[in-house]
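Please open the structure in a viewer and keep the selection tool at hand.

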Amino acid sequence: VGKFKVGKSYYYGYKGKGYIVRSNAVKVNGKGYWAGSSGVLHRDDIAYRLIKKAQGYRSDTRYLILIDIDNPRFVLMQGSRGNWKIKNVWECDTGAPSTPTVRGVYKMGIKGYSFGHGYTCYYYSQILGDYLIHTRIYQEGTWILNDGPLGRRCSQGCVRLATPNAKWVWDHVPSGTTIVTTT
């Protein structure tokens, strides 16, 4: 069948197999897409590449995180090596060129509620040392946003997510989860 439209959404189905792609990546006419659990296709070459790369990694938990540093994208996978399925794909901020995010393979460390002096970031999960996954920057002790849009290379090396996404990671992704930071 290939790519087809229902209402305003696109899907990808396999001819003769009777199902659509869900929680995985697919190429259509040379372009990368990913489909969440609903099967709706999202055009995204960066996420497509990360999802394909994920299959070669293992994690001590049922989650795996891949972060593209140069094209800020955060991909959360669920499953196991060779059988990772997409849980979420989010825009993020990564380190500025002068204060880059560390590159490599790490295990999620400690977690905490907030940190900062003159500002506050919430729901942090450790990548390595002071390199963290957390919310965007808020005015100190408040929930008043003091930060620009996501999708930039602007942090001091941390990975920033929208608040609901940082909280989801904080609540559900356990310490020990493999985190891959790459380009």
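In this predicted model, begin by selecting I65, I67, F74, I133 and L161, which touch the most other members of the largest nonpolar core, a set of 21 residues. Next, display the elements that each supply at least two residues of this core: β7 (63-68), β8 (73-78), β13 (119-128), β17 (159-161) and α2 (163-172).

Centre the view on I67. Leaving aside neighbours within four places in sequence, I67 is in contact with R73, F74, C92, T94, I133, V159, I179, V180, T181 and T182.

Now select I46, L50, L66 and M77, which are among the 16 residues of a second, separate core.

Proceed to helix α1, residues 45-54. Which of the residues of α1 are buried? They are I46, A47, Y48, L50, I51 and A54. In an α-helix, residues three or four places apart point the same way, because each turn takes 3.6 residues. At the start of α1, select D44 and I46: a side-chain oxygen of D44 lies within 3.1 Å of the backbone nitrogen of I46.

Finally, turn to an open sheet of three strands, ordered β1-β2-β3 and paired antiparallel. Strands β1 (2-6) and β3 (19-20) are at the edges with a single partner strand each, so one side of each has no neighbour in the sheet. Select β2 (residues 9-14) together with β3; two bridges join these antiparallel strands. End at Y14, which stands opposite Y19 in β3.

Definitions and conventions:
Residues numbered from 1 in each chain as written. Predicted model: local features only at pLDDT ≥ 70, side-chain atom pairs only at ≥ 80, totals over all residues. Heavy atoms only, no water. Core = buried A, V, L, I, M, F, W, Y, C linked by side-chain atoms within 4.5 Å. Buried < 20%, exposed > 50% of the residue type's maximum accessible area, 1.4 Å probe, protein only. Helix = DSSP H or I, 4+ residues; strand = E, 2+ residues; numbered from the N terminus. Contact = heavy atoms within 4.5 Å. Polar contact = N/O pair within 3.5 Å; in protein donor to acceptor, adjacent residues only side chain to side chain. Pairing = 2+ DSSP bridges.
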